[in-house]
Amino acid sequence: MPRKTRPLVDRLMAKVVKDASGCWMFGGAPNPVNGYCGIYVHGAGTRPAHRVAYELLVGPIPVNMEIDHLCHTWDRNCPGGMDCSHRRCVNPEHLEPVSRMENHRRSLSPAAINERKTHCDSGHEFTPSNTILRKLQTPAGLRERRACRECERQWRTKRPPRRQGSAAPAEIRRSDPSELKTHCKNGHEFTPENTYVKPYWHGDGGFRQCRECMREQQRAYRERRRVKKRTDPHP
């Protein structure tokens, strides 16, 4: 005589414990990888209990949709992650099918929190005219990043000029004792032909360098390369 099995909905509800907040906590063991509980479905193996509950009590889940726990979205004190108790909830009134992007926006990840911000760190509102969208290539694919147009405008007015060969501002040059020297440390005179001023947009830019010293360094580097090629049989 074949073994008689209980209906899936009965097995599901037998493990449900309703708490005061309205959540239906599923009593099965949570998955150690993602924290969601599972229930065995004949012919499909173990499936997430909250998805099975939605399909049994509400209807089919649309294609390419994820189930968002509304009780987690409402509770802003929830730590999220593996410590989130709402992942065990199977109350159909707390479950909503959403896209992966919308599910991410409702999460507590740093990226989602930044995406919900309406003002930048300086207090400027992210209006369509004040928002710059930049596309960034990430390991997860192409993403967009917001930037405040007003902040960038203020930054451009304060930064030093980026013209090639531009020197540091006068107040910076005067504060550098090396600007008063007439010769470099190797004794070469700082003539206009022998002086190279690094562009100020470099990290150490705006300062003089001796061109003769730079040429000697290049000659020494090339000589070391030639010696290494002669002595090293496997370059």
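Leaving aside its neighbours within four places in sequence, which residues is Ile61 in contact with? In this predicted model, the partners are Arg51, Tyr54, Glu55 and Ile67.

**The chain overall**
- The protein chain has 235 residues, and 27% of them count as buried.
- If you take contacts between residues at least 6 apart in sequence, 45% join residues at least 24 apart.
- The accessible surface is about 16,900 Å², with 53% of that belonging to carbon and sulfur atoms.

**Around Ile61**
- You'll find Ile61 in the loop between helix H2 (49–57) and strand E5 (66–69).
- Although it sits in a loop, Ile61 counts as buried because its relative accessibility is 14%, below the 20% cut-off.
- Ile61 and Val98 are 37 residues apart in sequence, and their C-alpha atoms are 9.6 Å apart in space.

**The largest nonpolar core**
- This core is made of 11 residues: Leu12, Val16, Trp24, Phe26, Cys37, Ile39, Val41, Ala49, Val52, Ala53 and Val90.
- Strand E2 (24–26), strand E3 (38–41) and H2 are the elements that give two or more residues to it, and H2 gives the most, with 3.
- In soluble globular proteins, nonpolar side chains tend to be buried together.
- Val41, one of the core residues, is in contact with Leu8, Arg47 and Val52 once neighbours within four places in sequence are left aside.

**Cysteines**
- How many disulfides does a search of the whole structure find? The count is 0.
- Cys120 has its closest cysteine sulfur in Cys151, but at 3.7 Å the two are too far apart for a bond, because a disulfide needs sulfur atoms within 2.5 Å.
- Cys151 is in no disulfide either, and the nearest cysteine sulfur to it, that of Cys148, is 3.6 Å away.
- Buried or partly exposed? Cys120 is buried, with a relative accessible area of 13%, whereas Cys151 is partly exposed at 23%.

- The chain averages a pLDDT of 82, and 83% of the residues score at least 70.
- Residues 164–176 are a stretch where pLDDT stays under 50; the model has 21 contacts for them beyond four places in sequence.
- Where pLDDT is low, the predicted coordinates should not be read in detail.

Methods: Residues are numbered from 1 along each chain as its sequence is written. This is a predicted model: local features need pLDDT of at least 70, side-chain atom pairs count only at pLDDT 80 or more; totals for chains, interfaces and linings use all residues. Side-chain values use heavy atoms; hydrogens and water are left out. Buried means under 20% relative accessible area, exposed over 50%, partly exposed in between (1.4 Å probe, protein chains only). Contact means heavy atoms within 4.5 Å. Accessible areas come from the Shrake-Rupley method with a 1.4 Å probe; for residues, only the protein chains shown count as cover. Helices (H or I, at least four residues) and strands (E, at least two) are DSSP runs, numbered from the N terminus. pLDDT is the predictor's confidence in each residue, from 0 to 100. A nonpolar core is a set of buried Ala, Val, Leu, Ile, Met, Phe, Trp, Tyr and Cys residues joined through side-chain atoms within 4.5 Å.
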